[in-house]
Amino acid sequence: MPELPDVEKHRRTVAEHAQGRTVERIEVNDPELLHGTTAQGLGRSLVGRTVAEPRRHGKWLLVPFDTDGPTLLYHFRMTGELVWVTDPTADAAGGAVTLDLGNGQLVYRSRRRLGGVSYLRAGQEPQEVTGELGPDATTLDREQLGALLAGRRGGLKSALLDQSLIAGLGNELVDEILWRSRLHPRRAAAGLGQQELDTCHEQLQDVLRRSIRAGHVPAAADWLTGQRDADDPRCPRCQAQLETDQVGGRTTLWCPQEQPARQA
DNA sequence: CCTAATGTTTGTGC
DNA sequence: AGCACAAACATTAG
């Protein structure tokens, strides 16, 4: 269930196991999930090349090859994952796009077949594939956050979810950040007071830091998002019944006691 | 059978 | 132009 912390975990997998290794063979079992080239083209281009340092921007994982070679862009949408497999008989099956690096295989798969792996020629801009992306959420300072929100006319949650504004925040992360900041998801993005903005920035960074360390969301049992699938979802702080509705087109949970619709 | 699902894109309409 | 909303994407799970 990929959110930014899951993508960051995949980046580390590549950095730990694949970086510095040379591609021996590629395997494409689901050509629909390979964009920008064909299976044959991918093999011609990548076999013999060395995996360079992986980067992450928002929910995109960029894996460059050689110093001036092509780049693979991984996107996970709802069900994608990237796993390092050393026993091919066990896990490699079901992989849509696999890089064989000799000592193991980097396997991309997506159960719902959303997302995929995009091939970027040397010198081609990632933005051609990713579309416009705001600054990565983990790098946002308070002033940047304030400026970005101040320029929006719509709702707070919608703004935080907009990848072209801030890259990397997903549905669960945003609910968590708003709950901890005691801000209602439908508050006006541009309407936060200085204190509220401070809190929002602080909680945004803290939620990211903790969930990246955990490698997933929620990072702990007392997080709001742990209540998502509960029979009787309650606020982990005050035990009030949580509210559920669609906000910004997404299922949203909040505490009606602690996250008032209007500024206090 | 129906509904909803952690993400994004595309179209429509204000 | 900016933003909200709905539907679509492909598939699984409940």
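1. Buried area is the accessible area, taken with a 1.4 Å probe, that two parts lose on being put together, summed over both. In this predicted model, local features need pLDDT of at least 70 and side-chain atom pairs count only at pLDDT 80 or more, while totals for chains, interfaces and linings use all residues. Side-chain values use heavy atoms, with hydrogens and water left out.

2. An automatic or database domain assignment gives chain A domain 1 (4–130) and domain 2 (137–263). The area buried between domain 1 and domain 2 is about 830 Å², with 65% of that area coming from carbon and sulfur atoms. Leu4, Pro5 and Lys59 supply 58% of what domain 1 buries against domain 2, more than any other three residues.

3. Between domain 1 and domain 2 there are zero salt bridges (a side-chain nitrogen of Lys or Arg within 4 Å of a carboxyl oxygen of Asp or Glu).

4. Around DNA strand C, the residues with a heavy atom within 4 Å are Arg77, Arg111, Arg112, Arg113, Leu114, Gly151, Arg152, Arg153, Gly154, Gly155 and Ser158. Of the atoms of DNA strand C within 4 Å of the protein, 77% belong to sugar or phosphate, and the rest to bases.

5. For Arg153, a backbone N or O atom lies 3.0 Å from a phosphate oxygen of DNA strand C.

Notes:
Residues numbered from 1 in each chain as written. Chains lettered and ligands numbered in written order. Polar contact = N/O pair within 3.5 Å; in protein donor to acceptor, adjacent residues only side chain to side chain.
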